[in-house]
Amino acid sequence: MKIILAYSSKEGLLQEYRDRLGGYAPEEEIPADFFAEGDSRETIKAIINALRSKGHNVIGMEASDLMHNTFNSFHPDLVFNIAEGLYGDFRESYIPMLCEKYNIPYTGSDPLTLAICLNKARAKEILSYYLIPNPAFKVFYPLQEVYLQNFDFPAIVKPVSEGSSKGIFNDSIVDNVQVARKKIEENIRRYNQPVILEKFLKGDEYTVGVWGNGDEMEVLPIVSINYSTLPEGAHPIYSYEAKWLWDTRDKPLEIFQCPATLNPTLKERIEEVVKEAYQVLQIKDWCRIDVRLDENGIPNILELNPLPGVLPDPKENSCFPKAARTAGYSYAGMLNKVVEIAAKRYGLA
Ligand SMILES: Nc1ncnc2c1ncn2[C@@H]1O[C@H](COP(=O)(O)OP(=O)(O)O)[C@@H](O)[C@H]1O
Ligand SMILES: [Mg+2]
């Protein structure tokens, strides 16, 4: 097949950031978590090589409005989409939207599902409608006074439309109304978007890869997160610090275990709830879903990641590849399986 890998590289995002500011963007003024989501050259190369190893004709392309020119010249059979974009609440929908417009098959979820999952509050509203457990929450909007009563603390404050632990810091956990209000106001200013306050679930946390469509949906081995590996005094969350500062390639935290040690009942419950979430959000092809137990031991959905990170180096903590590896897939085997799943959905040979 002819495949275009559509990505958002760290360099590409920096360029976009500079362009927006008319070229003026000294490094030191860029917030530390700004490029948390960009793909590294190494990841991009590894994905291209993985797809080529299966005999596909693959080119990589920065996600941009120029992509349709390549549609016209290269005539791809499929776009492998990992592009997360930088600006706006619909940034993850951009490439799928272009593909829809030009009638090009693409991997992963459609523009609507990507936009909904990027907005944690909207996704939770759908989960709640289908009675799928998720932490109690309230959303606060720019230009509105933060009115907060009867919320069950401790809670966590998060920007509503970010990922990769962007905006989730060790001090995002709040214990009372005053601190919560301050944090919410600070977050609205900083991230320029609504902010979600969620009841903080203290139970064990898991992240679960799911792939396939319809009756072929399959849950990969569950990954558990062990917070005792974080520095002393750190809150038990997978924060920006945990993901990007405390867990490095040179000194990886032994924070993930796969397969998770679980009793059969809990394992089944987690598998059930992630499958339900995958279905009601109409995920396509693949997704990584974060789950945490509430005080009654019930698995709750924290969020869905329909563009799961796929770092190639097993020493780096990247959970979808880790789960796939545990299930017996090599890196290339995993990515080519995503291609197969998408191709089957479109009825491609
Ligand atoms: N309601 C919550 N209760 C407990 N922990 C939470 C809650 N929300 C987020 N967290 C913690 O913060 C981490 C990041 O939050 P998440 O919503 O998954 O954002 P991201 O999109 O950045 O991954 C989670 O993996 C979890 O450790
Ligand atoms: Mg998450």
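This note comments on backbone geometry and salt bridges in the structure above.

1. The structure is a predicted model, in which local features need pLDDT of at least 70, side-chain atom pairs count only at pLDDT 80 or more, and totals for chains, interfaces and linings use all residues. Residues are numbered from 1 along each chain as its sequence is written, and side-chain values use heavy atoms, with hydrogens and water left out.

2. Two cis peptide bonds deserve attention. One runs from F153 to P154, with omega near 0°, and P154 sits in the loop between β4 (137–140) and β5 (155–159). The other joins C258 to P259, also with omega near 0°. Helices (H or I, at least four residues) and strands (E, at least two) are DSSP runs, numbered from the N terminus.

3. L143, a residue other than glycine, has a positive phi near 65°. L143 belongs to the loop between β4 and β5 and is exposed, with a relative accessible area of 92%. Here buried means under 20% relative accessible area, exposed over 50%, and partly exposed in between (1.4 Å probe, protein chains only).

4. The count of salt bridges is 19, each being a side-chain nitrogen of Lys or Arg within 4 Å of a carboxyl oxygen of Asp or Glu.

5. K120 and E303 form a salt bridge (4.0 Å, N to O). K120 lies in helix α6 (residues 120–129) and E303 in strand β13 (residues 299–305), so the pair ties together parts 183 residues apart in sequence. K120 is buried at 5%, and E303 is buried at 15%.

6. R91, E162 and K166 are linked in a network of salt bridges.

Terms used
Chains lettered and ligands numbered in written order.
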